[in-house]
Amino acid sequence: MNTLATAVLWTVLGWGVLLTGRAVVTARALQAARRTPVPAPGEGAPHVALLIPALREQDLLSEVVGAVARLDYPSELLHIVVITTEREERDRRDHLAELPDLERLLRAAPDDATAGAHLSGIVPSSRARDVAARVRTATEPSRVLRDEITATPTTRDVASALLPDIAARHPKTALHHLHYDEPSGAKSSQLVYAVERLGDLLPRDAVPSRTYVGVYDADSQPDRTTLRHLAHETDKAHRAGHAPPTLVQQLPLQLRRPHAARPGVADLVLRAHAVADLRRRMGVEAHRLRARARLRALRLPDGLRTALAPVVYGIGAGLFVRHDKLVLIGMYEEPVDDLLVGYKLSAAGESAVVLPVHNLVDRYARVGALAKAYSLVALGSVAGCLRLLRDPALRAYGPRNTVTLVKEGLDTVWWFLGPPCVAAAVAVLTVNGAHRPLLTWAVAAAAYMVLHALISMSLATRFLERHEGARARAEPPVGGGAPGLLLPLMLLQPVLHWLGPLRLATARALGPLARRPLAMGKTER
């Protein structure tokens, strides 16, 4: 038993070292690709439809629309579509109906900051604390609270006022505003609603096989040269006699400070998480995309290529898919709009590439919001595996679908069960008195975590330095609030990563006892 427990611990540590090594190699390769001069898009450059789904994004909408309108790309080929949703208006009506409960919650809070957290999402996060303070000191708190909520413009109002102004500054860029008028449905439904209307929005020469549909969240701040690199990838495929890549992925980096962030240890924990997340971005997501592209270039038997080809993930903020292929696979699906896109395209054997430039996004402002997001991804992983298992259209892909199912099924199982296995291995060695091998492993693991932290902080610094364009609220790993604590706080990252599966499993086990359904998705701003 001791031998098995020791083997488990060293295998997990070895896998972490491998991921860090991959991250370093991949980051260097992307940096080298970025230094290669990219020509201006030529006549064959693709049309790009950038979808921006927005829900309670009054503070951020102007940032993202302004950033994508300034992308270095021919204006006649760039089409920006903002999609607001009736769900926001429905939620506002629900909040107003529950006003007495909300007022009691605010008045019972120990301070304005805590009360503001209760209001975040009901009013914009940047204003939540001030609104909470006014309500708590008002002689008529109910009236003040109602007035504050009703006076806050919806994202739909902000979009209607904002887009004409940006259109005047970028007259050749097409800007569209769609409103999804169903009060139910999440981000995936907004995206599908927009894709179904692209035929009316895009010009006649936007052929689906030469048009990419991209997605940016409202906190996105893509590198200014993003679309030039995308056009360069399609041009390389054309010169090689291949079809344009089906999936083009720009990796999001959680290196911006959110408006809702509050000082304290929890905030430093989340800063450390955002930096440590670079290992997954480079060592897993970008590595898989690059490995898949290299395998397609080799002359290998189909069976061997299918076995070796890694499964790629779709990552929503910066995910570009060819319009024709996106429609063919059924577009975006609940509960996660992006993950299943990667699964389906992997099962279909489609081509995928990763861009050498990045998209800065807000990190999470609260640990609960991070756990909520991870639980949604965990749910998406399970739902995706079930889809691969049951869907006749995907099963028709034969061995490729089976390989995708097995690889991602094992990956999902390990995400749920890996931490308990590690904890059990530590407990076995402790109970059996095998302190020396446990101590040796612990010292090696601590040394690795320090090295991993230093590498991640170095990568974050370099990525920020090379990002072209506005860097509002960029949060480098050094400076701004006890940066020395970031390194030891990296030790908590495996625990944070497991919060999603733990939260999902707990909710499923206790679901019948819960008074309201489990809330999932990105934190509302």
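Modeller: Helix α16 and helix α17 pass each other in a right-handed crossing. A crossing is left-handed if the near helix is turned anticlockwise from the far one by less than a right angle, and right-handed if clockwise. Helices (H or I, at least four residues) and strands (E, at least two) are DSSP runs, numbered from the N terminus. The model is predicted: local features need pLDDT of at least 70, side-chain atom pairs count only at pLDDT 80 or more, and totals for chains, interfaces and linings use all residues. Residues are numbered from 1 along each chain as its sequence is written, and side-chain values use heavy atoms, with hydrogens and water left out.

Colleague: At what angle do the axes of α16 and α17 cross?

Modeller: Axes are lines fitted to C-alpha atoms, for helices over the stretch in contact, and angles run from 0 to 180 degrees between N-to-C directions. The axes of α16 (residues 339-347) and α17 (residues 367-390) cross at roughly 30° and come within 9 Å. The two helices are therefore roughly parallel; angles under 35 degrees count as roughly parallel, over 145 as roughly antiparallel, 65 to 115 as roughly perpendicular and the rest as oblique.

Colleague: Which residues of α16 meet α17?

Modeller: Contact means heavy atoms within 4.5 Å. From α16, Leu339, Leu340, Tyr343, Lys344 and Ala347 meet residues of α17 that include Val377, Gly380 and Leu388. The residues of this contact comprise 7 nonpolar, 3 polar and 2 charged, where Ala, Val, Leu, Ile, Met, Phe, Trp, Tyr, Cys and Pro count as nonpolar, Asp, Glu, Lys and Arg as charged, and the others, Gly among them, as polar.

Colleague: How is helix α1 placed against α13?

Modeller: Helix α1 (residues 2-35) packs against α13 at an angle of about 70°, and their axes are 7 Å apart. The pair is therefore roughly perpendicular. Their crossing is left-handed. Among the residues in contact are Leu19, Ala23 and Leu30 in α1, with Met282 and His287 in α13. By class, this contact has 8 nonpolar, 5 polar and 3 charged residues.

Colleague: At what angle does α13 pack with α20?

Modeller: Helix α13 (residues 278-297) and helix α20 (residues 435-466) pack at about 90°, with axes 9 Å apart. They are therefore roughly perpendicular to each other. From α13, the contact uses Leu278, Arg279 and Met282, while α20 contributes residues including Tyr448 and Phe463.

Colleague: What is the strand order of the open sheet of 7 strands?

Modeller: Two strands pair if DSSP finds at least two bridges between them. The order of the 7 strands is β3-β2-β1-β4-β8-β6-β9, with mixed pairing. At the edges, β3 (174-180) and β9 (352-354) each pair on one side only. Neighbouring strands are turned by 20° against each other on average, direction ignored. Within this sheet, β1 (residues 47-53) and β2 (residues 78-85) run parallel, joined by 6 bridges. Ile52 stands opposite Val82 in β2. Helix α3 (residues 86-97) lies across β2 and β3, at about 25° to β2.
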